[in-house]
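Here is a short briefing for anyone opening this structure for the first time. Keep the sequence and the 3D view side by side as you read.

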Amino acid sequence: MLGVFKMQNLKLEATSTSPEVDFQFSEHRLALRGESYPENAAAFFGPIVEALNGYLEQTQNQVIEVIIELTYFNSSSTKVLFNVFNMLNFAAASNTINLHWRYDEDDDTILEFGDDLHEDFPDINYIPESFAS
Amino acid sequence: MLPNHAPPPPQAATLLPRTALELKKSTIVASPELFSDDILRLFHEYPELDTIPVIEDTHPIGLINRHVFMNEMARPYVREIYGRKSCIAFMDKHPLIIEETTPIQELSFQALAAGQKALSDGFIIVRNGSYTGVGSGFDLVDAVTKLQAEKSRMVMESIEYASVIQRSFLRPSQRDLATHLPDHLLHWEPRDVVGGDFFVFRTFNDGYFIAIIDCTGHGVPGAFMTLIMASFLDRILQHDNPRDPAEVMTKMNRMIKGALAQDGDIHHDGSDDGMDTAFMWFNSAERLLTWASAKIPLFIVTPPTNNTASDAKIEQMNGERMGVGYRTTPMQHTWVNHSAHLAPGASVFVTTDGFIDQPGGKKRIAFGKKRLKNTLLEHHALALKDQGEHIMQTFRAYQAEQRRRDDVTFFGFRP
């Protein structure tokens, strides 16, 4: 990519109700880990989605690694996640999006959610990765 | 199982200070004509006196702090130089001055803005600029603390009363369930005092309409949504055919989107609320269950047939993945009916995602459908009420010390 990459990386520590956000835009590596049930999901994710949008708008012909390792998210977070995957699916037209969907080997709920995502967003490379804990 | 506690309706607050006037105390004041020696004598005479306001005509012009004053006067030659001069030499010329009518909360903001001295020296209270008394920092902190406690008590009381209303809304369904489907279980457990889960049971001459509803959110906003949904559903059931749950759901979707203005463009601050739900119609004569579902799975447990060694069987029927009423759900979306004949002894279970998604266990992962199905099979032979006890016991043991993440509703029946 030509020019200076101006996007600020975004790093938020996890809290008991919100996930760790580690968006290394400069490395094309975006990770979410933990649980997500903030009282107001739209308010929590607003700036995150905005940053992601800014990044995707100026990114082309890249391989973007997306690592999602969430163990719980409530329904309003789910809606935000769908927005995020919708944006990534769109960006997949000009980039390669690898979605590493990480779940505990016994967690059928998270795996099922990932499989549903795969169905809805076929342009994202869905890579389920189970881990033992 | 609904605990039947009914707190009294919110009461008027007990009398707490609301304005600076109510913190007012009288004290000894000085006029600027007094000498510093006079002030020294006053402080010696009244050891409990920490400050002395200085009043010119009726207006406060400063506040003398005991410690500051004493320290100054103790310095070499100060008493000799200033002792016979006006006491204003060592007063704070900018004390916090507060009108009597100032509300406590605003007073506390002003005190904070004035810094440390307002809490240690207190403040002067005036009426239209004329001195009327003083207030102490301690009394202010005390009043603010009590006010906050009072406010949160009132909020809690009002939520508890809201819970009485929400529970009353569930009562007709519970009563009819007990009469018409005695072999059932119903656990309705909002995460907080009120919640976004809801349950409806209505009887008709040829069968029953059952709805399990999980509105967006929990707590007070969730409870608001349940009342909206319940009244929409009632309206639809009055005019439309309860035997067609998919059609009822389709109508609900349009009604919600219209009422919450979730039918047009995406506004950033507009609402995007709706529900996950399962609507069921049970035709009692034919033992035919017809259902439509938005994201809520149904489980049907069929016992082994007589004299066979086979195990009980459980089937899982996932709902459609489209929620009802949300902005992203099209206005024209239609749900589809599914149906199944219930064999004798078969039971039907539905639960909101608060149950299935609750993290717990050693790994702190979701309870999950697999564990749920195993639990249902394990206890299938029991009366549903007893199954309910076992299921909730298993659930609580799994949740252990984890926080409850969401409202939980669990319903089952064996017609």
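Asp197(B) stands opposite Asp214(B) in strand 8 of chain B, in a model that is predicted. Strands here, like helices, are DSSP runs numbered from the N terminus, with at least two residues (E) for a strand and at least four (H or I) for a helix. Residues are numbered from 1 along each chain as its sequence is written, while chains are lettered from A and ligands numbered from 1 in the order in which they are written. Because this is a predicted model, local features need pLDDT of at least 70 and side-chain atom pairs count only at pLDDT 80 or more, whereas totals for chains, interfaces and linings use all residues.

**Strand 8 of chain B and its partners**

- Strand 7 (residues 197-204) of chain B runs antiparallel to strand 8 of chain B, and eight bridges join the two; strands count as paired if DSSP finds at least two bridges between them.
- The link from strand 7 of chain B to strand 8 of chain B is a hairpin through two residues.
- Strand 9 (residues 275-283) of chain B is also antiparallel to strand 8 of chain B, with nine bridges joining them.
- In strand 9 of chain B, Trp281(B) is the residue opposite Phe209(B).
- Why is strand 8 (residues 207-215) of chain B described as largely enclosed by the rest of the structure? Nine of its nine residues are buried, so the strand is largely enclosed; buried means that 20 or more other C-beta atoms, placed from the backbone, lie within 10 Å of a residue's own, exposed means 12 or fewer, and partly exposed is in between.
- Gly207(B), Phe209(B), Ala211(B), Ile213(B) and Cys215(B) point one way from strand 8 of chain B, while Tyr208(B), Ile210(B), Ile212(B) and Asp214(B) point the other way.

**The three-stranded sheet of chain B**

- Three strands of chain B make an open sheet with mixed pairing, in the order 3-4-5.
- Strand 3 (97-99) and strand 5 of chain B are the edge strands, each pairing on one side only.
- On average, neighbouring strands of this sheet are turned by 35° against each other, direction ignored; such angles use axes fitted to C-alpha atoms, for helices over the stretch in contact, and run from 0 to 180 degrees between N-to-C directions.
- Five bridges pair strand 4 (residues 123-127) of chain B with strand 5 (residues 130-135) of chain B in the antiparallel sense.
- Along this pairing, Ile124(B) stands opposite Val134(B), and Phe123(B) has Gly135(B) as its bridge partner.
- Strand 4 and strand 5 of chain B form a hairpin with two residues between them, and Asn128(B) in the turn has a positive phi of about 50°.

**The sheet of chain A**

- Chain A has an open sheet of six strands in the order 1-2-3-4-5-6, with mixed pairing.
- Strand 1 (10-12) and strand 6 (125-131) of chain A are at the edges with a single partner strand each, so one side of each has no neighbour in the sheet.
- From one strand to the next, the twist averages 15°.
- Strand 5 (residues 96-104) of chain A pairs with strand 6 of chain A in the parallel sense over seven bridges, and Asn98(A) has Asn125(A) in strand 6 as its bridge partner.
- Helix 3 of chain A packs on the sheet and touches strand 4, strand 5 and strand 6 of chain A, its direction making about 170° with that of strand 6.

**Where the chains meet**

- Contacts (C-beta atoms, placed from the backbone, within 7 Å) involve 15 residues of chain A and 16 residues of chain B.
- On the chain A side, helix 3 gives the most, with four residues.

**Two residues with positive phi**

- Most residues other than glycine have a negative phi.
- His28(A) has a positive phi near 55°, lies in the loop between strand 2 (20-24) and strand 3 (29-36) of chain A, and counts as buried with 20 C-beta neighbours inside 10 Å.
- Ala400(B) has a positive phi of about 45°, lies in the loop between helix 11 (384-399) and strand 17 (408-413) of chain B, and is exposed, with 11 other C-beta atoms within 10 Å.

**Confidence**

- The model scores ipTM 0.88 and pTM 0.80.

Definitions and conventions:
Two residues are in contact if their C-beta atoms, placed from the backbone, lie within 7 Å.
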